[in-house]
Structures are given as C-alpha cells and as structure tokens.
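Q: I'd like to learn how to read a model like this one, feature by feature. Could you walk me through it?

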Amino acid sequence: MSESPLQPAGLPFLKGHGTQNDFVILPDPDGRLVIGPEAVAVLCDRRAGIGGDGLLRVVRAAADPVSAPLADRAEWFMDYRNSDGSIAEMCGNGLRVFARYLVHAGLAKPGPLAVATRAGVLQVRIAEDAADGTPGDITVDMGVARLPGPDGIEVTVGNRHWPARNVNMGNPHAVAFVDDLDHAGDLLAAPLTSPDGAYPEGVNVEFVVDRGPRHVAMRVHERGSGETRSCGTGACAVAVATARRDGADPAVTGESVSYVVDLPGGRLVIAEHPDGRVEMTGPAVIVGSGVLEPDWLAALPR
C-alpha cells in the first residue's frame, strides 16, 4: 500500500454486507491509495485482518485512471477486489453496499445513482428508509446478460457431473441445476469445469434447486473467494438461466419475468425485462466503522 496522508493517524474503514456477502470498505475519494493484492488479502483475512469476501475502494471516478473515461457519467467508482486480492469486473452485492455507504456518508441521497465499475456505468435506485428506520432496499440495473459459447459446459464435483449454462453478467458464471444443494460439496476448492479453456480467467459456479414457481435456491463458489453467503451477479445469472430453462425468455415473450432467489445469506429478487436489462433488488447494511492502526498498516505487504 502506498504512503497516504491518512496513514500517520490511521486509515478509516467500514464494514458492510449485502445478504451476508461482506466487504471491507476503504474511503479514498481522492484516489491516493494504491493497494496491492497481498495487502487486500490480509485486510480481507478473517483472522489476521478485518475480514470480508472482498474489498470496496470508494474513489471519485475522475481520480482513478481506470474510471476516468467514465467520469462524465458517474461521480463515483467502485474499485472492487476479491478476498485473494484479485481484481473482478463487478460484484452485485458489493455495488449495493457501495451505494449504501455513499448514502451513509452523505455523499449520495436515496433515489437514482450512477456508479462506475470495471463493467461500465451501472444504474442504482436507493429506496427511502422505512418509517421505523429500516434501510430501504437497493435495486441495481445489472445490464444485459450474455449467453456466450461454448455449448456443452459441464461442472464436476467429486464423481458427480452436471450440464451448466454459460451466463456472463460482466463476469463469467456456470449455472448447474442439481437435485440437492449438498451435492455441491464443501465448495472450498473451485469445482471443475469443462471443456478446458472455456473460462481462461476462472469462473463463478452456481448450484441451483427449485423451491416453487419462480422461486429457486442456490449456493455459489466465487472465483477468488471460495463459497460466499451470497453473490449478486450469481443470483442474476441463475435467474437468467432458470428463465431460459423455463421457456420464459422476455425477449421472446415480450413480458418481464422475475425470480425469488434464496441464498445462504438472504433473499434477492431478480427481474429480467424484454430489452434484456436485468435488475437485482435486495438489502445492504453498514455494520460498523473504525481505524486501521498505523503500525499495522506499515507492516502490510507492499
């Protein structure tokens, strides 16, 4: 991590989650922090660091060279890293938590919000809090799902094999329908996918069972993080794959379709529209904040 004027007094951080997909949040509005993969991994370590499925760096789009070309369309850039320090294109739950942080910090208000990501500029709608103070749900326009080749994707866990649907939500997913979610195993290691080379940069693998009409449950292995309690882009990929299996392609029927998706950490509602847009709605919570100690920061790998 590079030197920052914040470090002598410690570095502020927050912790948040979306359906128990949890994140370390580092406010860096002026883009002064340079965070290497090893430092991210330590920060996300649940024993040696703060702990999280990933890290969200909150930076003004104009202040980061990655997002600067998008600064005319979005004020804020979500610099997302997996818990192993690798960079990911998008994280749906992370985007909801990112939006919740902006409201929490007084940097945005409930209503529409544009956020720059490595998958482009995404639109968010933040609902007003309920009368009892419960934070309103957040809806994210996740863009248009792509169903690229190759055909014949297969997922393997132990001696079990399933055909899988290849869905891209700005990041790659292999969606397999199974009889029992326990058949996915412990998901500590990445499930095998074939054919070789289908996912040269790795893949998120979802295992899905039916719970009722337009209602499914899933488990997921996220590349770079292992099994997580929730995955927003994964839930979107699952809804799209399930709609295709059910013959409910909105582009064909001309009608929007929505699915309730249960994850170990909670529930999301995914809607797909005739123009191809996929929207995800669910909660996001900021659970606490603190300051990383200067001496501990100084010992982080560079």
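Q: Is Cys-44 buried or exposed?

A: The general idea is a cut-off on relative accessible area: under 20% is buried, over 50% is exposed, and partly exposed lies in between, using a 1.4 Å probe and protein chains only. Cys-44 has 4% relative accessibility, so it counts as buried. Keep in mind that this is a predicted model, where local features need pLDDT of at least 70, side-chain atom pairs count only at pLDDT 80 or more, and totals for chains, interfaces and linings use all residues. Residues are numbered from 1 along each chain as its sequence is written, and side-chain values use heavy atoms, with hydrogens and water left out.

Q: Where does Cys-44 sit, and which residues is Cys-44 in contact with?

A: Helices (H or I, at least four residues) and strands (E, at least two) are DSSP runs, numbered from the N terminus. Cys-44 belongs to helix H1, residues 37–44. Contact means heavy atoms within 4.5 Å. Setting aside neighbours within four places in sequence, the contacts of Cys-44 are Gly-51, Gly-52, Gly-54, Leu-55 and Ser-83. Its C-alpha is also separated by 6.9 Å from that of Val-24, 20 residues away along the chain.

Q: What about Ala-63: where is that one?

A: Ala-63 is in the loop between strand E3 (54–60) and strand E4 (76–82). With a relative accessible area of 30%, Ala-63 is partly exposed. Beyond residues up to four places away in sequence, Ala-63 touches Pro-29, Asp-30 and Gly-31.

Q: How do I read a whole helix, say H2?

A: Start with the general geometry. An α-helix has 3.6 residues a turn, so residues three or four places apart point the same way. The expected span is 1.5 Å times one less than the number of residues. H2 (residues 92–104) has 13 residues and reaches 18 Å from its first C-alpha to its last, close to the 18 Å expected. Then look at cover: 11 of the 13 residues of H2 are buried, so the helix is largely enclosed by the rest of the structure. Among the buried ones are Arg-96, Phe-98, Arg-100 and Tyr-101. H2 is followed by Gly-106, whose phi is positive, near 75°.

Q: How many residues of H3 are buried?

A: 12 of the 14 residues of H3 are buried, so to speak a mostly covered helix. The buried set includes Cys-236, Val-238 and Val-240. H3 (residues 232–245) reaches 20 Å from first C-alpha to last, close to the expected 20 Å. Just after H3, Gly-247 takes a positive phi of about 70°.

Q: Which residues other than glycine have a positive phi?

A: Gln-20 is one of them, with phi near 65°. Gln-20 is in the loop between strand E1 (11–18) and strand E2 (21–27), and at 36% relative accessibility it counts as partly exposed. Leu-187 is another, with a phi of about 55°. Leu-187 is in the loop between strand E10 (172–177) and E11, and at 2% relative accessibility it counts as buried.

Q: Where is there a cis peptide bond?

A: Look at omega for this one. A cis peptide bond joins Ser-194 and Pro-195, with omega about 5°. Pro-195 lies in the loop between strand E11 (192–194) and strand E12 (204–212).

Q: Zooming out, how many helices and strands does the protein have?

A: The protein has 5 helices and 18 strands. Of its 302 residues, 53% count as buried. Among contacts between residues at least 6 apart in sequence, 62% join residues at least 24 apart.
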